[in-house]
Amino acid sequence: MIHLENILLYRNGKTILRNITWSVEKAQHWAILGLNGSGKTTLLKVLNGYLWPNGGSIEVLGQTYGKVDIREIRKSIGWVSAAMIEEFDRRDPAIEIVLSGKYGAIRLFEKVKERDIQEGVAMLERFGIASLANREFEYLSAGERQRLQIARALMAKPEILILDEPCTGLDVIEREHLLQTMAQVAADGNITLLYVTHHVEEVLPCFSHVLLMREGEIFAQGERSELLTEQVLSNFFRHSLTIQYENDRAWLAIK
Ligand SMILES: Nc1ncnc2c1ncn2[C@@H]1O[C@H](COP(=O)(O)OP(=O)(O)OP(=O)(O)O)[C@@H](O)[C@H]1O
Ligand SMILES: [Mg+2]
């Protein structure tokens with residue numbers, strides 16, 4: 001699905017990514033953990049072709065960047081982030097926002113087909129927000145907005161879905177809803193999730209692999225059960241901590 005080889009990226013005299021070699025195979029789902037400023041979002045922007053690295057090579061869905069039209073590949077990559085929320089028109093109703101995902105635009109300008117509207121409503125239903133179809137974006141709660149954004153991204157039927165801290169600002173219950181919905185998306189197959197978070201407990205069992213980013217480099221990568229241990233994470237965060245597993249999820253406490 002994805003192969004990055006020795007990526008180097010610097011901007012304005014600062015090295016942001018270095019020695020990034022990372023492969024994602026079909027049917028894997030990855031969680032990406034790292035402190036603020038460790039390069040997670042930058043890495044995902046490289047993957048999406050928004051940023052061009054200064055060295056290394058990128059292959060996504062069998063296509064090598066530099067030899068293909070990035071816009072074509074981008075259609076297969078969904079992007080969800082708390083930051084993107086700003087881009088939506090606050091007065092658009094939820095149904096229009098979800099439909100705009102199908103047309104690959106932030107706003108709808110074209111006349112929408114009846115079949116697409118039905119598909120949009122079904123997608124809202126899947127995320128438990130069908131009753132909000134006609135509610136303007138500005139009135140939606142943070143949790144509803146996040147669900148809507150994921151629903152919107154799925155309308156384009158992406159092969160890769162990038163979620164950059166989608167649980168930011170959610171209460172514990174709403175966060176749990178979103179996480180469970182995400183697990184369903186993962187279980188439905190035909191999609192690879194890349195999930196960025198600061199919170200170890202958000203790394204659900206559906207994530208087969210974990211990538212640990214530190215100071216622009218990969219600190220470690222591998223299977224979830226091997227990386228989410230006290231020893232690895234204490235070294236990673238440079239802090240003594242304990243990990244407890246509950247429902248096959250790791251919960252972290254600082255010692
Ligand atoms: N154009 C740029 N010029 C200089 N520095 C930059 C540029 N873009 C990003 N950086 C720096 O690169 C580092 C990595 O940023 P990035 O947004 O990838 O971090 P992150 O891991 O996503 O952090 P967070 O968890 O806070 O979202 C930061 O220190 C940031 O300030
Ligand atoms: Mg970030």
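Residues are numbered from 1 along each chain as its sequence is written, and chains are lettered from A and ligands numbered from 1 in the order in which they are written. In this predicted model, local features need pLDDT of at least 70 and side-chain atom pairs count only at pLDDT 80 or more, while totals for chains, interfaces and linings use all residues.

Trainee: Is Asn48 buried, partly exposed or exposed?

Mentor: A residue is buried with 20 or more other C-beta atoms within 10 Å of its own, exposed with 12 or fewer, and partly exposed in between; C-beta atoms are placed from the backbone. Asn48 has 18 C-beta neighbours inside 10 Å, so Asn48 is partly exposed.

Trainee: Which element supplies the largest share of the shell around ligand 1?

Mentor: Helices (H or I, at least four residues) and strands (E, at least two) are DSSP runs, numbered from the N terminus. Strand 2 (14-24) and helix 1 each give at least two residues. The largest share, three residues, comes from helix 1.

Trainee: How far apart are the end C-alpha atoms of helix 5?

Mentor: The expected span is 1.5 Å times one less than the number of residues. For the 14 residues of helix 5 (residues 142-155) this should be 20 Å, and the end C-alpha atoms agree, at 20 Å.

Trainee: Why is helix 5 called largely enclosed by the rest of the structure?

Mentor: Among its buried residues are Leu148, Ile150 and Met155. Helix 5 is largely enclosed because, of its 14 residues, the number buried is ten.
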